Amino acid sequence: MNSIFDYNSAINRRQFFRKNGTGLGVAALSSLMARSGLGSSSPMPDLSSVQHFAPKAKRAIYISLIGAPSQIDLFDYKPELKKRFKEDLKDYLAKQGERLTGMTSGQAAFPLAPSIFKFAQHGQSGAWISELLPWTAKMADDLCIVKSMHTEAINHEPANQLVYTGSMQSGKASIGSWLSYGLGSMNEDLPTFVVLHATHSSPYANVQAISARLWGSGYLPGKHAGVAFRSKGDPVLYLKDNPGISRELRRSMLDGLNAMNQRSYEAVGDPSIQTRIQQYEMAFRMQASVPELADMSGEPEHIHQLYGEDSKTRGTFANSALMARRLIERGTRFVQIFHRGWDQHGNLPRDLTSQCKDVDQGIYGLVQDLKQRGMLEDTLVVFGGEFGRTVYCQGGLSETNYGRDHHPRCFSLWLAGGGIKGGQVYGETDDMSYNIVENPVHIRDLHATILDRLGLDHNRLSYKFQGLDQRLTGVVPAKVVKDICA
């Protein structure tokens with residue numbers, strides 16, 4: 001039986017590329033070791049050349065409202081619906097070919113439930129914004145509210161996968177991983193893509209489970225996966241050295257481990273070994289950068305007041321928003337904040353009120369903080385969920401209480417900064433916030449637009465996997481929404 005050495009020495013097409021690839025691995029390791037003074041002094045390559053055209057944004061923050069907030073109660077004002085309170089929409093839904101979830105398919109009636117919340121117009125655009133978002137209303141001129149989003153998915157898991165990976169199928173690369181792959185790092189001491197999980201305050205919130213699939217790298221190299229920072233304890237587990245381990249000793253141990261991993265790579269050519277080397281090196285550098293990042297004691301009181309008093313409490317949305325600013329300020333390319341609990345199938349007035357209170361001042365503080373630092377113009381901020389909610393009620397309906405089921409045909413989100421025209425409302429729905437009647441925007445169009453603002457052509461940003469040129473927007477046509485771009 002041939003040894004591994006004999007196997008790898010065989011001259012065939014696969015082994016030719018494998019052995020030539022080893023040289024690239026050595027070069028990558030050398031560049032990593034150079035930062036610790038153990039390799040050559042050649043600088044890190046400038047990855048900005050990967051961009052297809054001049055970007056409007058250098059970085060992005062995506063606020064992910066998991067559970068799908070109700071557009072009818074926040075941004076899509078339909079005052080005429082109050083006259084139709086409790087009107088049964090069963091025949092109307094049948095004509096529309098409505099896809100019903102298992103949660104409402106057995107209802108005998110589908111009573112229309114108008115929003116009980118007051119709306120007012122704000123900003124030069126005259127955007128209608130609910131009383132639930134008073135802080136957001138103050139910055140209406142900074143926002144582009146898109147009311148004509150739509151998706152195919154009607155349940156949370158596939159809908160979230162579509163929004164954050166471009167596909168309802170598992171195993172795809174997340175949007176943050178694509179940005180990491182396409183743009184590279186701006187700070188070698190911090191991850192390019194960081195994920196924050198903000199807590200919700202209501203004990204009644206219907207919390208949807210999420211998994212690392214939403215921030216994973218899929219078929220892209222593992223180094224492009226999102227790094228999740230914890231809201232309690234150490235931000236990243238296992239970064240601290242054990243007592244008695246000095247930085248010099250840790251460096252020496254890591255160098256020895258890297259050398260063994262490199263020999264393994266040269267023997268078998270597994271690219272995951274190179275990923276492991278890079279992860280070890282990143283972890284070593286994060287041992288110094290993360291404690292400084294997480295220490296907010298230097299933030300002045302007026303900044304905490306801008307974000308709200310909750311910004312002093314780790315894990316809250318306001319604290320996560322402030323952390324997001326600190327991350328991008330230090331060169332992190334993409335920050336994603338997940339805030340769960342937006343799935344209001346029942347008692348929507350109580351639970352949506354609580355959810356909005358969690359995020360409203362914090363997101364206002366983030367946008368205004370970026371603005372006052374001159375960073376909003378090249379930082380893209382996105383705020384939204386995975387689909388919309390129904391105009392009809394799920395469960396019992398009264399004049400003060402109702403719930404809403406899932407609705408993929410239309411929903412609202414907003415964008416700000418980073419090459420987006422503020423002070424505008426884009427798209428329109430019909431008089432029941434049921435169908436889109438003007439300027440539809442699919443999830444793929446949103447992805448294409450985000451990539452475009454960051455200097456990437458969604459048709460050209462690809463990765464060969466299983467014989468296919470994989471793309472965030474897939475093979476179905478997608479378009480950049482030029483009308484909302486500055």
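Which residues is tryptophan 414 in contact with, leaving aside its neighbours within four places in sequence?

1. Basis. This is a predicted model, in which local features need pLDDT of at least 70, side-chain atom pairs count only at pLDDT 80 or more, and totals for chains, interfaces and linings use all residues. Residues are numbered from 1 along each chain as its sequence is written, and side-chain values use heavy atoms, with hydrogens and water left out.

2. Tryptophan 414 and the cores. Beyond its neighbours within four places in sequence, tryptophan 414 is in contact (heavy atoms within 4.5 Å) with Phe75, Thr136, Met139, Leu143, Cys144, Ile145, Ile363, Val367, Val381, Val382 and Phe383. Another core, of 45 residues, lies apart from the one described next; Ile66, Leu220, Phe334 and Val481 are among its members. The largest nonpolar core has 54 residues, and Leu196, Ile363 and Trp414 have the most contacts inside it. Helix 11 (residues 348–372) gives the most to this core, with 9 residues. A nonpolar core here is a set of buried Ala, Val, Leu, Ile, Met, Phe, Trp, Tyr and Cys residues joined through side-chain atoms within 4.5 Å. Buried means under 20% relative accessible area, exposed over 50%, and partly exposed in between (1.4 Å probe, protein chains only).

3. Helix 12. Helices (H or I, at least four residues) and strands (E, at least two) are DSSP runs, numbered from the N terminus. Helix 12 (residues 443–453) is largely enclosed by the rest of the structure, because 11 of its 11 residues are buried. The buried residues include Arg444, Asp445, His447, Asp452 and Arg453. Just after helix 12, glycine 455 has a positive phi of about 85°.

4. Strand 9. In strand 9 (residues 388–393), 6 of 6 residues are buried. Strand 9 runs antiparallel to strand 10 (residues 404–407), joined by 3 bridges; pairing requires at least two DSSP bridges. Arginine 389 stands opposite histidine 406 of strand 10.

5. Serine 174. This residue is in the loop between helix 5 (156–165) and helix 6 (175–183). Serine 174 has a relative accessible area of 0%, so it counts as buried. A polar atom of its side chain lies 2.9 Å from the backbone oxygen of glycine 216. Leaving aside neighbours within four places in sequence, the contacts of serine 174 are Tyr164, Thr165, Phe193, Leu214, Trp215 and Gly216.

6. Asparagine 347, in the loop between strand 7 (334–340) and helix 11, has phi near 50°. Asparagine 347 is partly exposed, at 26% relative accessible area. Asparagine 439, in the loop between strand 14 (436–438) and strand 15 (441–442), has phi near 55°. Asparagine 439 counts as partly exposed, at 29% relative accessibility.

How values were computed:
A polar contact is a pair of N or O atoms within 3.5 Å; within protein, one must be able to donate a hydrogen and the other to accept it, and residues adjacent in sequence count only if both atoms are side-chain atoms.
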